[in-house]
Each structure stands twice: as structure tokens, then as C-alpha cells.
Amino acid sequence: MTIESTQSNISTVNLRYSAFLGMLYISTPENEALIKDAKALVGEAEVKKGFHGNKGDSSSAKAIDYLRTKGVTPLKVIGNLTSARTIERMIDGRITPYLNVGLKDEEGRYYLSIDLTQSAAQMLVRKLANAEIGVTTEINLFAIYGQREGASRPYADHGASLKQGGDEIKSVNPKESLVPRINADIKRLEDAGISDDKETFAKRRAKIELDYHCELMKVVTEKVDAYYVLTEQPEEVERKAESNEDSAAA
């Protein structure tokens, strides 16, 4: 069983991650319509607040419970890791980079697509940087809601798991290269007299984080290309499949 879900008998599967639901799911027109209905049940204002756990009376828990009754459940995907690239899409008039990951097995192909600005996608990128191409890989995206140390209220943390050979792949440590960039930029803003504009700080931080992970993905893509050169396999098949998946999802 490759997709650990009740909806796995599909030869080609498109996967998406919902930050509101905190889960990876199979994207079909039917499932997307059900998710739209689930969001409507709790209201757009609640959806914008994001993930607040999958238990109790929170809006995300109510939506997850509704979807469960309709057969839409969280999943993880397992297959040979065949591709990992960044694809730019036009979202709300803006070019937005998306992380696209492909896996396959004897039952079919599986394509995960997620906005690279999301923290779950960025964690997955940091793990892909240390992953091996062409081997059995298990991927899961998820959210945890709880109290952070030093925080006055609970928050949602979105993450990613990537296992190969039964072991979790170690993530590139952002403290070694990303955090110094952020700190240097903060200092430049402070030196320029911009020290109390939280919105500016947040936007600059998000831009630096996105640029950093786009750079990491260039390394991952080079590794994918090198794999196909080394194994003398036709990478064009994977690229064509990615293109088809991207068109279907747009």
C-alpha cells in the first residue's frame, strides 16, 4: 500500500497540503469541493486563523471531522523519489514558486505540489537536500498545535517528515546559514532606523527565507539531474509528467 489512505486505488495521484487542515491529502475535483464545503462550514474568518488542532471544538477540528465523514483523510506517500523541482505559478497576479516532488512505484505515480512560502514545504526542502534520489522514500506533511516556549498563546507549527531506509533524513540546519542572513538583514534595518516596524521585518524575513530555500532547491535539482545522467535513464519522462501535473493543478 503506497498511499496510506482509503483513497489509494489511483494510478496517478496529485497531492496537496492544507495549512488550515494541517494535512496532506489527495487532490481531486471531488475532494477539493468537499474541502471548500468544510471551510464554508466554519467560515472564511476562521479559516484565515489557520490550524488550531485536530481535536476539540476548534474550526480546523470541525472541518477535519466533516471531511472524515466524507472519506477525505490525512495521508503519507511512499515510493521511489524520482523528481524534485521548483515550478513558478501565477497566483493572485503574483509569480509564486511551488515545490514539486514526484514519486513512483508499481502502482503508479505520485506528485506533491506545495507553495514554497509554506513552512512545511521549506522543511521538506531542507530534508530533500540530504536525501538520495531513486530510492524508496516516505513523505508526510503535518501540523502540530501547542504552546511554544516563551509564547503567550499556542501556535501551529507546520513540518515535514522524509524517511529513506526507515530512517528520518536529517534536515539542513537553518541556524548555520539562514539565521545569519536574517540577523544581518535585521541589523541593516535597525541601522537604517527601522526598528519598530513589525510588518516590514516580517516581510523581509519571509523574503530571505524564500530565497534561501529556492537556492537549496537549485542544489536538489542538480542532484536529480546528476542521478539521471549517472543511471542513463530518460529524465524527459519525469519532466513531461511534472508538466502535466502542473497544468492539471493550475
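Tutor: Asp 92 sits in the loop between S3 and strand S4 (94–105); helices (H or I, at least four residues) and strands (E, at least two) are DSSP runs, numbered from the N terminus. This is a predicted model, in which local features need pLDDT of at least 70 and side-chain atom pairs count only at pLDDT 80 or more, while totals for chains, interfaces and linings use all residues. Residues are numbered from 1 along each chain as its sequence is written, and side-chain values use heavy atoms, with hydrogens and water left out.

The backbone at Asp 92 has a phi near 50°, a positive value in a residue other than glycine. Most residues other than glycine have a negative phi. With a relative accessible area of 79%, Asp 92 is exposed; buried means under 20%, exposed over 50%, and partly exposed in between (1.4 Å probe, protein chains only).

Arg 85 makes a salt bridge with Asp 225, and their closest N and O atoms are 2.7 Å apart. Because Arg 85 belongs to strand S3 (residues 77–91) and Asp 225 to helix H6 (residues 198–231), this pair ties together parts that are 140 residues apart in sequence. A salt bridge here is a side-chain nitrogen of Lys or Arg within 4 Å of a carboxyl oxygen of Asp or Glu. Arg 85 is buried at 12% relative accessibility, whereas Asp 225 is partly exposed at 24%.

Thr 221 is buried, with a relative accessibility of 16%.

The ring centres of Tyr 227 and Tyr 228 lie 5.1 Å apart and the planes meet at 80°, so the pair is edge-to-face. Rings of Phe, Tyr and Trp (its six-membered ring) pair if their centres lie within 6.5 Å, and planes under 30 degrees apart count as stacked, over 60 as edge-to-face and the rest as tilted. Tyr 228 is buried, at 6% relative accessibility.

H6 has a helical partner as well. Helix H5 (residues 174–191) packs with H6 at an angle of about 145°, the axes being 10 Å apart; axes are lines fitted to C-alpha atoms, for helices over the stretch in contact, and angles run from 0 to 180 degrees between N-to-C directions. The crossing of H5 and H6 is right-handed, a term for a near helix turned clockwise from the far one by less than a right angle, with left-handed meaning anticlockwise. Residues making the contact include Leu 178, Ile 182 and Ile 186 of H5 and Phe 201, Arg 205 and Tyr 212 of H6. By class, this contact has 8 nonpolar, 2 polar and 7 charged residues; Ala, Val, Leu, Ile, Met, Phe, Trp, Tyr, Cys and Pro count as nonpolar, Asp, Glu, Lys and Arg as charged, and the others, Gly among them, as polar.

Arg 205 also forms a salt bridge with Glu 209 (3.1 Å, N to O). Both lie in helix H6, 4 residues apart, about one turn of the helix. Arg 205 is partly exposed, at 43%. By the rule for salt bridges, the count comes to 8.

Another of these bridges links Asp 65 and Arg 68, with 2.7 Å between the closest N and O atoms. The two are 3 residues apart in helix H3 (residues 59–69), separated by about one helical turn. Asp 65 is partly exposed at 34%, and Arg 68 is partly exposed at 46%. The buried residues of H3 are Ser 59, Ser 60, Ala 61, Ala 63, Ile 64 and Leu 67. Their cover includes S2, helix H1 (29–42) and helix H2 (44–48).

Met 23 belongs to that strand S2 (residues 23–26) and is buried, at 2%. Not counting residues up to four places away in sequence, Met 23 touches Leu 67, Val 72 and Leu 141, among others. The C-alpha atoms of Met 23 and Ile 64 are separated by 9.2 Å, although the residues are 41 apart along the chain.

Definitions and conventions:
Contact means heavy atoms within 4.5 Å.
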